[in-house]
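Please keep the sequence and the structure in view while reading.

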Amino acid sequence: MNNQNNDVINQRIKIFKSALGDRSQTDHFIVQKYITHGTPYIFKDNEDLYFDLKYAIANKFGLKSPEMVRMVGSAKLGFSISPKKVWKHFSEDDSDIDMVIISRSIFESFWTELYDFNIDLTSRTEREQKNYNACKNYFFKGWLRPDLFPFNFGKRNEWFDFFKSISYGKYGKPKIAGAIYYDFSFFEKYHIKNIHNLREETIKDV
């Protein structure tokens, strides 16, 4: 990453940290302003490409609007706010583009098929059991993560084949990954909690 990009990201981090320190801005407000709104960092010079990516995903899953697809993570902000990688700069060489589908119908479709699949499943490896437990934990938060689906669940491969097909090309060098939220409320609540925790950690560091 060149120095100009570093400077841009450092400025974004400075603005974001200022927002975290401003108690007049609620956690919800920060989520709405910085996570759900705006052109992602990776497409800062080509906003139309963000629409094209959202449209491609929406079209694949039969969604009514590309607005039901959002980008999150470091590709969106320019830096990570994940607890283990907080403030790490986005890099086209080792960062993913994380997309989420926000749709009850898609969530419920996968939920039903996963339920039927797990009912018929007679045994799991230790790793599969670990993934199954993690998947249930995220499910409780209104979030389905296909990387935690059973290895031999047919839709898992279909999911990853699609996202692989749109990675490493038109939309940039990084891998594109996806997840599903039940609805916008769950999506916001998850990120509101993350912002709250980040604020508490930021205060400790001051």
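## Basis of the description

Two strands are taken to pair if DSSP finds at least two bridges between them. On that basis, E1 and E2 pair in the antiparallel sense, over four bridges. The model described here is predicted.

## The sheet

The sheet is open and is formed by four strands, in the order E1-E2-E4-E3, with mixed pairing. Strand E1 (69–72) and strand E3 (143–144) each have a single partner strand and stand at the edges, so one side of each is left without a neighbour in the sheet. Strands of a sheet pair through backbone hydrogen bonds, and the pairing is either parallel or antiparallel. The parallel sense is found between strand E2 (residues 97–102) and strand E4 (residues 176–181), which pair over six bridges.

Helix H7 (residues 154–165) lies across E2 and E4. The angle at which helix H7 runs to E4 is about 135°.

## Aromatic pairs

How many aromatic pairs does the count come to? The count comes to 27 aromatic pairs. In one of these, the ring centres of Phe61 and Trp159 are 5.1 Å apart and the planes stand at 45°, so the pair is tilted. Phe61 lies in the loop between helix H3 (47–60) and E1, while Trp159 lies in helix H7, so the pair ties together parts that are 98 residues apart in sequence. Phe61 counts as buried at 17% relative accessibility, and Trp159 is buried with a relative accessible area of 2%.

Another pair joins Phe117 and Phe153: their ring centres are 5.4 Å apart and their planes are at 65°, so the pair is edge-to-face. Phe117 lies in helix H5 (residues 104–120) and Phe153 in the loop between E3 and H7, so this pair ties together parts that are 36 residues apart in sequence. Phe153 is buried, with a relative accessible area of 4%. Ring pairs link these residues into a cluster made up of Phe61, Phe110, Phe117, Phe149, Phe153, Trp159, Phe162 and Phe163.

## Charges over rings

Two tyrosine rings have a charged residue over the face. Lys44 lies over the face of Tyr41, at 4.3 Å from the ring centre. Arg124 lies over the face of Tyr132, at 3.7 Å from the ring centre.

## Positive phi in two loops

Most residues other than glycine have a negative phi. Trp87 has a phi near 75°, a positive value in a residue other than glycine. The place of Trp87 is in the loop between helix H4 (74–77) and E2.

Tyr168, also not a glycine, has a positive phi near 55°. It lies in the loop between H7 and E4. Is Tyr168 buried or exposed? With a relative accessible area of 53%, Tyr168 is exposed, because the cut-off for exposed is over 50%.

Methods:
Residues are numbered from 1 along each chain as its sequence is written. This is a predicted model: local features need pLDDT of at least 70, side-chain atom pairs count only at pLDDT 80 or more; totals for chains, interfaces and linings use all residues. Side-chain values use heavy atoms; hydrogens and water are left out. Contact means heavy atoms within 4.5 Å. Axes are lines fitted to C-alpha atoms, for helices over the stretch in contact, and angles run from 0 to 180 degrees between N-to-C directions. Buried means under 20% relative accessible area, exposed over 50%, partly exposed in between (1.4 Å probe, protein chains only). Rings of Phe, Tyr and Trp (its six-membered ring) pair if their centres lie within 6.5 Å; planes under 30 degrees apart count as stacked, over 60 as edge-to-face and the rest as tilted. A charge sits over a ring if NZ of Lys or CZ of Arg is within 6 Å of the ring centre and within 35 degrees of the ring normal.
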